Amino acid sequence: TTASELKVPTTFNEMFLFNAAVMGFSSSIWMQFVLDQFDNIVTNVANSYRLQEECDVLTLVLAKHRGPIKLPEFKAVML
């Protein structure tokens, strides 16, 4: 593999997915759910009511997920 063939992550989502893959968490479906909602959560952090709504949406989406949700894995990918 040459340097010209490597794609360097340039967005938050790309970097998150890159980190998840490197750490062996790329098969964690629930992390994609969190990533999908993350922009809405961060964008609305100054509006506590809207932030609560976005967190509630994420909670409902994660509640539908069948399988384990290991939050320390998400934290590790974010660091």
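How many salt bridges does the count come to? The count comes to 2 salt bridges, a salt bridge being a side-chain nitrogen of Lys or Arg within 4 Å of a carboxyl oxygen of Asp or Glu. The model is predicted: local features need pLDDT of at least 70, side-chain atom pairs count only at pLDDT 80 or more, and totals for chains, interfaces and linings use all residues. Residues are numbered from 1 along each chain as its sequence is written, and side-chain values use heavy atoms, with hydrogens and water left out.

Glutamate 14 pairs with lysine 7 in a salt bridge, with the closest N and O atoms 3.2 Å apart. Glutamate 14 is partly exposed at 28% relative accessibility. Lysine 7 is exposed at 63%. Here buried means under 20% relative accessible area, exposed over 50%, and partly exposed in between (1.4 Å probe, protein chains only). The other salt bridge joins glutamate 54 and arginine 50, at 2.8 Å from N to O. These two residues lie 4 residues apart in helix H3 (residues 48-64), so about one helical turn separates them. Helices are DSSP runs (H or I, at least four residues), numbered from the N terminus. Glutamate 54 is buried, with a relative accessible area of 8%. Arginine 50 is partly exposed at 35%.

Helix H1 (residues 12-22) packs against helix H4 (residues 71-78). Their axes come within 9 Å and cross at roughly 120°. Axes are lines fitted to C-alpha atoms over the stretch in contact, and angles run from 0 to 180 degrees between N-to-C directions. Phe12, Phe16, Asn19 and Ala20 of H1 make the contact with Phe74, Val77 and Met78 of H4, contact meaning heavy atoms within 4.5 Å.

The structure also holds 5 aromatic pairs. Rings of Phe, Tyr and Trp (its six-membered ring) pair if their centres lie within 6.5 Å; planes under 30 degrees apart count as stacked, over 60 as edge-to-face and the rest as tilted. Phenylalanine 12 and phenylalanine 38 are stacked, because their planes lie at 5°, with ring centres 5.2 Å apart. This pair links helix H1 to helix H2 (residues 29-43) across 26 residues. Phenylalanine 12 is partly exposed at 42%, and phenylalanine 38 is partly exposed at 22%. Phenylalanine 16 and phenylalanine 74 form a tilted pair, with centres 5.4 Å apart and planes at 45°. These residues sit in H1 and H4, 58 residues apart. Both phenylalanine 16 and phenylalanine 74 are buried. Ring pairs link Phe12, Phe16, Trp30, Phe38 and Phe74 into a cluster.
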